Amino acid sequence: MSLPTLNGTARLIDNPEIRFTAAGTAVVKVRLAFNSRRKDDNGQWVDGDSFFIDGKLFGQHAQNLADSLEKGMEVVVSGRLKTEKWETREGEKRSGPSLLVDSIGPSLRYATATVTKVGGSGNGREAAYQAARGASSREGRQDPWAQGVPGTEPAGQANAWDSEPPF
């Protein structure tokens, strides 16, 4: 049986809470609030009902979230809904919804973000490409598209647009 999915835009209502298992695996709990804002008949924004849920992430994904996001940020999130069951210290059985987060990141509607790749098999590709090109950085490479606009060359110079594409 597959779990139902939830995709949407939410707000972090607390800072991500990171813990580590005995085996050293990172586990993050993040409180999310989904709400349904809408415009009323007068064109004013009205807050609708809110849905609060705890999201959980594991491993490197959990560490990335803890290092990147904080309370108050608007995020785009996708995950699988699950019913968590637990027992209180008084012995009462409880249950509630939880979200196993598959993907989460900052919403760029009101913010900007800088992405830094962490780990993975692709890290060596850019370094190998740079070494093969003989450049130590992207800035050091000549931009093949930074050529003049047709018809703007001084008299007697060849039109850069007459040559083959720069790739």
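These legends describe close-up views of a predicted model.

**View 1. The largest pocket holds about 520 Å³ of space.** Its lining has 21 residues. The closest to the pocket centre are S68, L69, G105, P106 and T114. Helix α1 spans residues 59-68, and strand β8 spans residues 93-106. Each of these two elements supplies at least two lining residues. The largest share comes from α1, with five residues. By class, the lining of the largest pocket has ten nonpolar, eight polar and three charged residues.

**View 2. The second largest pocket holds about 360 Å³ of space.** Among the residues that line this pocket are T9, A10, F34, N35, W45 and Y110. Strands β1 (5-12) and β3 (26-35) each give at least two residues to the lining. The lining of the second largest pocket divides into five nonpolar, three polar and four charged residues. R11, E74 and R109 also belong to this lining. These three residues are linked in a network of salt bridges.

**View 3. Strand β8 pairs with β6 and with β7.** Strand β6 covers residues 50-58. The pairing of β6 with β8 is parallel and runs over three bridges. Here K56 has L100 of β8 as its bridge partner. Strand β7 covers residues 74-87. The pairing of β7 with β8 is antiparallel and runs over 13 bridges. One of the bridge partners in β8 is P97, which faces T83 in this pairing. In a regular strand, side chains alternate between the two faces of the sheet.

**View 4. β7 and β8 form a hairpin.** Five residues lie between the two strands. G91 sits in the turn and has a positive phi of about 90°.

**View 5. A salt bridge joins R31 and D54.** The N to O distance is 2.7 Å. The pair links distant parts of the chain. R31 lies in strand β3 and D54 in strand β6, 23 residues apart. R31 has 25% relative accessibility, so R31 counts as partly exposed.

**View 6. Two further salt bridges pair R19 with E17 and R94 with E92.** The count for the model comes to seven salt bridges. In the R19 and E17 pair, the closest N and O atoms are 2.9 Å apart. R19 counts as exposed because its relative accessibility is 55%. E17 counts as partly exposed because its relative accessibility is 33%. In the R94 and E92 pair, the N to O distance is 3.2 Å. R94 is partly exposed, with a relative accessible area of 43%. E92 is partly exposed too, at 40%.

Note on methods:
Residues numbered from 1 in each chain as written. Predicted model: local features only at pLDDT ≥ 70, side-chain atom pairs only at ≥ 80, totals over all residues. Heavy atoms only, no water. 1 Å grid on protein atoms, 1.4 Å probe; cavity = no way out; pocket = protein on both sides within 12 Å on 5 of 7 lines; lining within 4 Å. Points joined across faces, edges and corners; volume = space filled by probe spheres on them. Helix = DSSP H or I, 4+ residues; strand = E, 2+ residues; numbered from the N terminus. Nonpolar A, V, L, I, M, F, W, Y, C, P; charged D, E, K, R; others polar. Pairing = 2+ DSSP bridges. Salt bridge = Lys/Arg side-chain N within 4 Å of Asp/Glu carboxyl O. Buried < 20%, exposed > 50% of the residue type's maximum accessible area, 1.4 Å probe, protein only.
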